[in-house]
Structure formats: C-alpha cells, structure tokens
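I opened this entry to record what I looked up, keeping in mind that the model is predicted. My notes follow in the order in which I made them.

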Amino acid sequence: MTVSVPVPAHEALRRSLAQRPLRHFIGGEWVDAAGGETFGVQTPTDNSPLTRAASGDARDIDRAAQAAWDAFPAWRALGGKARRKLLYRVADLIETRAEEIAVLESLDTGQPIRFMKSAAVRAAENFRFFADRAEGAQDGLSLPTQGFLNYTVRQPVGPVGIITPWNTPFMLSTWKIAPALAAGCTVVHKPAEWSPVTATVLAEIMHEAGLPAGVVNLVHGYGETAGKALTEHPHIKAIAFIGESRTGSLIQKQGADTLKRVHLELGGKNPVVVFADADLDRALDAVIFMLYSLNGQRCTSSSRLLVERGIHDAFVEGLRERVANIRVGDPLDPATEVGPLIHPRQFEKVCSYFDIAREDGAVVAVGGERIGDVGNYVRPTLITGARTDMRVAQEEIFGPVLTVLPFDDEAQALHIANDVPYGLAAYLWTNDLTRAHTFAAGLDAGMIWVNSENVRHLPTPFGGMKASGIGRDGGDYSFDFYMETKNVAINLDGHRAARLGLPGKED
C-alpha cells in the first residue's frame, strides 16, 4: 500500500485541531463539559490522536435543552422568509469552507477525500432545499363539508434532539438539522463520539450565519451518557436518530416515559439483484460503487449481490478482477478509493466476519485480511459460495465486504432479497419492464432503485421498513416529523349542538 504524504495545508489544519479541543456550543456560547471531562478523538489512518472533545453528561444536556426551550418561542414566531434567509446564509458559508470540511472529515473518519469533496456541496444543497420550503412549511389543507369549513395548519413540534452517525457525519447532520430549523424547531445536536470534528465546524457556521442563541446547541459525549440524557429530557419533544438498529430500539425505550416521537434511520443488509437480461457492464459498475465507496460504511450500501445463475460465474469473475484492483490507502490521497475503517472496534468487527464466512462454508474469493500493521486498513473483500442463512448474508457488517448469492428464478430471488431482518434499500437490474415493476412491488424495502445506484432526489421519501427504521426524511416527509398538524373546524351555517338538561323537557 502506498501512502502519500499530506500537503502542508493538511498538516497545518491537523496541528490547529490538536491545539483546539472541541467544546460544547450551548445558548450561543462555547463551553466546557460541566464536569470538565474530555475524551480522545483519533484518526483511523494510524489511530493517533487528533484532538480531545468535551465529554457531556446529563448536566450539559439539561443546559442545552433549556437553551433550546427558551429559544423556541421566538424562533417559531420568526417568519418563514426570515428563516429562509438565515439558512441560505448557512449554505453559503458551508461552501466557503468546503475544502476544510473535506479534509477534516477524511482525517476524522478515514473516508477518501475524493468522496468527501462532495460532502459540503450536498450539505449546502440540504440547507437550500429546506430553506426554500420554510415559508410553506405551515401550509395545510382545506377540507370543507356541509355546514363546516375544516382547514389544517402545521406548527413546529418544539425543541428536538438530533443524534448523528460517524460514517459521513457532516452531510448527515445537515440532512436532519436543516429541515428541523426550516420547520421552526430548535435543536440539540449530539454527534457520534467517533467522529465529532465537523459537528463543531457546522455549529461555527450556523453561529456565524446569525442563528439566534439557543436555536442550535451542540453537546459532545457518549451515547450511554449524553445520548441517553437527550432521549429522556422532558424539554425535548422528538428525537431524530441515524445509526444501528439496536441503538434505535434503546432510544424508543428511553423516550417512552416522555412520549417522544422518534424518527429512526437504521441499518440495512441491502440486496442488489442482477438478472441475465440487464446491462451487465453498468450493473457491475453500480455493484462495486454501492458497496466499496465510502469504505463500505453506509446504510444504503448493497452488501448482498443476488445474481441469476446463468450469468453468475462470468459476473463474479468480472467482479473479482475489479475488487482486487481497488486502491486502498491514505484517505487524503486523491487516488485512494478505500481508506481505513473508522475505529479499531469497527475494524475488529469487520475482520471477524472473514473467519465467520470460512467457518460457515463460504469462500473468501478476494481480500479477507487487514493491510499493514498501522491503522484500520482492510482489503476490499468478496465472499462467494454463500447461502442466505449464513451470518455474512444476514448481518450488517458495515465495511467493504460483499456477499454473493446465486438464484434460479424470480421467486427465489425475491425470497432471498426479503429474507433478512432489514428493509432499507434495494437495487434491481433488469431490462424487463414488467419484471421491474412487479419485483419492486414485492420487495420489503423503503427505497428501490431500478437500473441505477443510489441517486437521491431530495423531495422523495428516504427511510426503511422492518428493522431499518421508522419514518421518512425528504421534502414534506421531513416536516411530517418535525411539525404537528392541527385541524380547525369553522361552523358556517348555524349548526347547533343537541340541547341537554332543559327543565321540563323529555326525549
């Protein structure tokens, strides 16, 4: 593996990060943890220290929740046009710091710089998209009936907690925070402890853009302490979470006593189904991209490849050659296609599946080993000869590991595709128009792409079925979560209620 030497600008940015520990941002001020504790943040390239972050607990969450509660009435009352202007300013500032965000994201997560260069672009798009909907967010329906006019309006639910993941943290934070702000909610953000760096940048940007104090608050910390306190706090009316399914279940339980609404974007074991009549060259490109880009660490990755038996051997051979040539290296090297995994714990988890696959009788056709003895580098891995009941075909590995499963006909393919606890995304490759529609209708997945990789259109719903989550993001679907819908009924023709309790009157 060739590791390039970071350019001086990258080194200067890293030195600055090491000299500036990450603090909470609460009520418009940068503050230390109430107890003074911090935790270490390391880079996955060699697991050396990047910086330290304030380690929040229930006291910090309480202060942040109170700040969000106090700021909510004024932010709710602010007109949608004014909120739109502020959110556009956030988007502009994100773009001015795009290069910095990309480098910090790569240092913090191990994601290749070639993909992180688009992180700021997508984040700015998120803010502008929801900013444009801020004025109409409260709009409802006119529902007239005889003698009455019913109309609905929407209003923000209140302060919300947003808990974001470690894989592409900057973009995914904006995907949750932008619609919350556009809807008129205030926010307490708890980023993942494995990748907290760019959450601080986002808070700096929103503060510079002029968001009032308390509208957005940031508390670093562990899920077991800060995260748990956030899900239980009575001032927080909703929790939006992205992460693994087990944690999502805990969040539901923790929020039950305060009857919080929850939005859970959880894990997946997503199938990509390739039929013999598909454009196989394009399908091969998409299969490789959707699994091995972003280090295989994305919820919508197509980690199970279902291939029609008649083309199985040839397709797998083409796959084997391409996977073996994927360039692994320093994430700051523009030539790198796969960087190190986020954390030693995730590295050990992914590597454990190599032995699991072999013990279950599958074949590790490519990879199945670490690279070097420094950092969290794993060779991109291809597993063949698998059955749907094997752990590598059932469990979310969340790394650059693809499991191949052959099928004989549509019925078997659909059974295998649905034969997992998850239902987030699915990908289908066929040139048969009827099959495309009928097969998609039968898939247990919240999102399906036909003859394409994951190409997001922001107004469309994003979310999963089964153990992959509850609720939908995107367009008005986001506002359905961050806002309450209220019905107002107006009596138009003198309707009068039945009269009870009149003296001397009997039915």
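I began with Ser301 and listed its contacts: setting aside residues up to four places away in sequence, Ser301 touches Asn270, Met290, Leu291 and Gly296.

Next I turned to His235, which sits in the loop between α9 (223-232) and β10 (238-242). With residues up to four places away in sequence again not counted, I noted that His235 touches Ala65, Gln66, Trp69 and Pro159. For one of these neighbours, Gln66, I also recorded a polar contact of 3.1 Å between its side chain and that of His235.

My last look was at a pair of helices, for which I wanted the angle between the axes and the distance between them. Helix α6 (residues 119-131) and helix α7 (residues 169-183) pack at an angle of about 10 degrees, and their axes are 8 Å apart. Because angles under 35 degrees count as roughly parallel, I described α6 as roughly parallel to α7. Which kinds of residue make up the contact of α6 with α7? I found that they divide into 12 nonpolar, two polar and one charged. On the α6 side I wrote down Ala119, Arg122, Ala123, Asn126, Phe127 and Phe130, which meet residues in α7 including Phe170, Met171, Thr174, Trp175 and Ile177.

Methods. Residues are numbered from 1 along each chain as its sequence is written. This is a predicted model: local features need pLDDT of at least 70, side-chain atom pairs count only at pLDDT 80 or more; totals for chains, interfaces and linings use all residues. Side-chain values use heavy atoms; hydrogens and water are left out. Helices (H or I, at least four residues) and strands (E, at least two) are DSSP runs, numbered from the N terminus. A polar contact is a pair of N or O atoms within 3.5 Å; within protein, one must be able to donate a hydrogen and the other to accept it, and residues adjacent in sequence count only if both atoms are side-chain atoms. Contact means heavy atoms within 4.5 Å. Axes are lines fitted to C-alpha atoms, for helices over the stretch in contact, and angles run from 0 to 180 degrees between N-to-C directions. Angles under 35 degrees count as roughly parallel, over 145 as roughly antiparallel, 65 to 115 as roughly perpendicular and the rest as oblique. Ala, Val, Leu, Ile, Met, Phe, Trp, Tyr, Cys and Pro count as nonpolar, Asp, Glu, Lys and Arg as charged, and the others, Gly among them, as polar.
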